[in-house]
Amino acid sequence: MNYNDLITRFSNSAENRRKAIFSTLFIAGNRLQTLFDNHIPEVSLKQFMLLSVVRQSKEPLTFTQLGNLLGCSRQNIKKLADVLMKKGFITVQQSPHDTRAMCICLTEKGHDYFTNDFAQYQDELKYLFEVYTDEETETLFFLLTKLYAGIENLEKRTR
């Protein structure tokens, strides 16, 4: 069985398409993680995502805030942070807003990673999306953004 067989098999009803979309999200996530983990030296994809969110934030974020943004637990963020701290990419500091909370900040090495090392991999993102037109990319962006609302809806239901 290949992907085209699966697409054909699951394209005959809205219910089957929902199942296929859910499966595709899981499979695509695994495949992307494997590709990036095998191709990018020094950091895993999960570590990179943590670094990326820290870099994009205007203010230091706590482990809990980062876990909420990345869809994982505070403990998972702590494990990722421990590895990144040992590698010299981040420091962990007390939150300026809550003395009980800890925040993650990029070090000079962390900033240099995005400026120098990761720049070469940004071209690879172009390959990932070169099969899409600009309009298709825009549509996919908005649909994936809307998926967050569905995830929040499911989270509310399961609480």
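Let's start with helix 3, which runs over residues 45–56: its 12 residues reach 16 Å from the first C-alpha to the last, close to the 16 Å expected at 1.5 Å a residue. That expected span is 1.5 Å times one less than the number of residues, and helices here are DSSP runs (H or I, at least four residues) numbered from the N terminus. The model is predicted, so local features need pLDDT of at least 70 and side-chain atom pairs count only at pLDDT 80 or more, while totals for chains, interfaces and linings use all residues. Residues are numbered from 1 along each chain as its sequence is written, and side-chain values use heavy atoms, with hydrogens and water left out.

Which residues of helix 3 are buried? They are Leu45, Gln47, Phe48, Leu50, Leu51, Ser52, Val53 and Val54, where buried means under 20% relative accessible area, exposed over 50% and partly exposed in between (1.4 Å probe, protein chains only).

Ile21, Leu25, Leu144, Leu147, Tyr148 and Ile151 make a nonpolar patch of about 550 Å². Helix 2 (14–39) and helix 8 (134–158) each give two or more residues to this patch, and helix 8 has the largest share, with four. Patches take residues with over 30% relative accessible area and no salt bridge, joining nonpolar side chains (Val, Leu, Ile, Met, Phe, Trp, Tyr) within 5 Å and like charges within 9 Å; a salt bridge is a side-chain nitrogen of Lys or Arg within 4 Å of a carboxyl oxygen of Asp or Glu. Leu144, in helix 8, is partly exposed at 39%.

Asp134 is exposed, with a relative accessible area of 66%.

Definitions and conventions: Areas by Shrake-Rupley, 256 points an atom, 1.4 Å probe, with all protein chains shown as cover.
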